[in-house]
Amino acid sequence: MALLELKVNGQEVRVEAPDTALLLDVLRERLALTGAKRGCETSHCGCCTVRVDGMAVHSCVVLAVRCEGKAIATVEGCGDGMELDRLQRLFLEHGAVQCGYCGPGMLMAAQALLEQNPAPTLDEVKKGLDGNLCRCTGYTPIFDAILAYGRGE
Amino acid sequence: MECKLIRPADLDEALAAREQYTHDALPIAGGQSLLVMMRNRLVAPAALIDLEPIEALRGVEVSSAGISIGAMNTCRQLIASPVLGEEVGVLPVAARQVSSTAVRNLGTIGGNVCHNEPGADLPPALLALNARAAVRRRANAREVPLAEFFTGYFETVLEPDEILCRIDIEHPPAGAAGVYLKHAISPEDLAMVGVAAVVVPDGKQTGGVAEVRIGIGGAAPVPLRAARTEAALKGAVLDAETARAAGETAATEVDPPSDPHAGADYRRKMVSVFVRRALLQAARQIEENGHGAA
Ligand SMILES: Cc1cc2nc3c(=O)[nH]c(=O)nc-3n(C[C@H](O)[C@H](O)[C@H](O)COP(=O)(O)OP(=O)(O)OC[C@H]3O[C@@H](n4cnc5c(N)ncnc54)[C@H](O)[C@@H]3O)c2cc1C
Ligand code: FES
Ligand code: FES
């Protein structure tokens, strides 16, 4: 076992976990942050996407110990718990959430994209979300929400 | 059984751990393939040796001898590197086509070649660039041309006490152009067929080539160089007809697998199509730029 010192959504936390614990397991099972979803667990679906030092990563294939000293951001860090942030609000307005299982991952991937490229084209949005599957919406509402964010809506 | 994590401070410590554990431990680079293999119970190492802390596996160095790329460079870093874009552009072009953003953010060049998954995008580009693998074990070092590195599906020449440290590439000849084309069902998938071509113009006549190097992935148990096709193109003039003939020769040099994504015959056919297209695109690059950038 290892004692990990992590910084999640700006908060320092200490948590015990096996040496080779996966970030997804630490977030969900030890820190009760269940925003990042468990899907394929093999880096295919993206519903476990979180950001580590700004980069979108699939937390099911990241060793938690590698995240010490880095900034981990999950969907729980969006908005303030009562109010949605602008990207979340646009997801809602565009119907980008149907069953919602892909949503947290989509939001984190979109954040990472928008931080690097504040006004992406449709092709750039598609490339930025290429690690995230959605089985419900057909993607168009998700792309629309992100494009609207880029237009400053 | 719990898997242990060994975090060596430097390469010497990592090599010592490698020697001590051999088959019982595996090095972990980006973890994008290894952690999936562990999760699917395809491998169950007693320990992982973390390559992340090791300085000697990082960075891109340019010297008169060529370009030396640390094994721990991620696809994201390959794509962002201005010097790679200028010197060996076909490599970042291939890196851009690896899987998804999240996998490119963490997956490394070293992991990509050591994993040797059929249809991986970096091996064809590296083969066409004449890359060499700088490999270390505790007692000694060796350098392996990439053309001799891959030995079978998911297999390489690496021994269980070795670590791939760097990928070395000589400066491509002046004016060379490089192209990588990936044929996949969806762009995030592994390539059914991936073709890289580096074309060196002869500088005398339009389409005239001094040398052509072709790397092909997904179409045989290992990524390979199309040696006979290359030989036939030496000194040729690259036009629609020579490119077509080259594609047909290349199709006879591969030994494609059949899987649910594509049958062997289809893959073979696609090798001829994509070799032709890659050669013509490289020729166009040379013509348009007056020179290319491999
Ligand atoms: C869903 C998915 C889709 C993918 N699609 C593509 C694709 O389209 N194209 C493509 O090219 N790849 C694809 N990949 C593979 C991806 O690029 C891998 O991340 C990469 O091949 C492995 O790199 P890594 O750094 O993550 O290595 P790891 O997973 O850490 O390691 C892979 C293997 O290499 C060994 N190893 C790693 N580094 C060294 C070293 N320096 N010395 C000795 N041994 C070492 C490890 O022990 C392990 O056996 C995909 C992977 C996934 C999960
Ligand atoms: S659960 Fe991580 S990518 Fe599917
Ligand atoms: S809303 Fe159901 S998976 Fe995307």
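**Exercise 1.** Determine how the axes of helix H10 (residues 240-253) of chain B and helix H11 (residues 264-289) of chain B are arranged, and which residues make the contact.

*Solution.* Step 1: the two axes come within 7 Å and cross at roughly 145°. Axes are lines fitted to C-alpha atoms, for helices over the stretch in contact, with angles running from 0 to 180 degrees between N-to-C directions; helices (H or I, at least four residues) and strands (E, at least two) are DSSP runs, numbered from the N terminus. The model is predicted: local features need pLDDT of at least 70 and side-chain atom pairs count only at pLDDT 80 or more, whereas totals for chains, interfaces and linings use all residues. Residues are numbered from 1 along each chain as its sequence is written, chains are lettered from A and ligands numbered from 1 in the order in which they are written, and side-chain values use heavy atoms, without hydrogens and water.

Step 1: H10(B) and H11(B) cross in the right-handed sense, that is, the near helix is turned clockwise from the far one by less than a right angle.

Step 2: on the H10(B) side the contact (heavy atoms within 4.5 Å) includes Ala243(B), Gly247(B) and Ala251(B), and on the H11(B) side Arg268(B), Val275(B) and Leu279(B). By class there are nine nonpolar, three polar and four charged residues. Here Ala, Val, Leu, Ile, Met, Phe, Trp, Tyr, Cys and Pro count as nonpolar, Asp, Glu, Lys and Arg as charged, and the others, Gly among them, as polar.

**Exercise 2.** Describe the packing of helix H3 (residues 103-116) and helix H5 (residues 140-150) of chain A.

*Solution.* Step 1: the axes come within 11 Å and cross at roughly 35°; the crossing is right-handed.

Step 1: H3(A) contributes Met106(A), Ala110(A), Leu113(A) and Leu114(A), and H5(A) contributes Ile142(A), Ile146(A) and Tyr149(A). The contact of H3(A) with H5(A) comprises seven nonpolar, no polar and no charged residues.

**Exercise 3.** Locate Glu41(A) and Phe154(B), and state the phi of each.

*Solution.* Step 1: Glu41(A) is in the loop between helix H1 (23-30) and strand S3 (49-52) of chain A, and Phe154(B) is in the loop between strand S8 (150-152) and strand S9 (155-156) of chain B.

Step 1: phi is near 60° in Glu41(A) and near 60° in Phe154(B). Most residues other than glycine have a negative phi.
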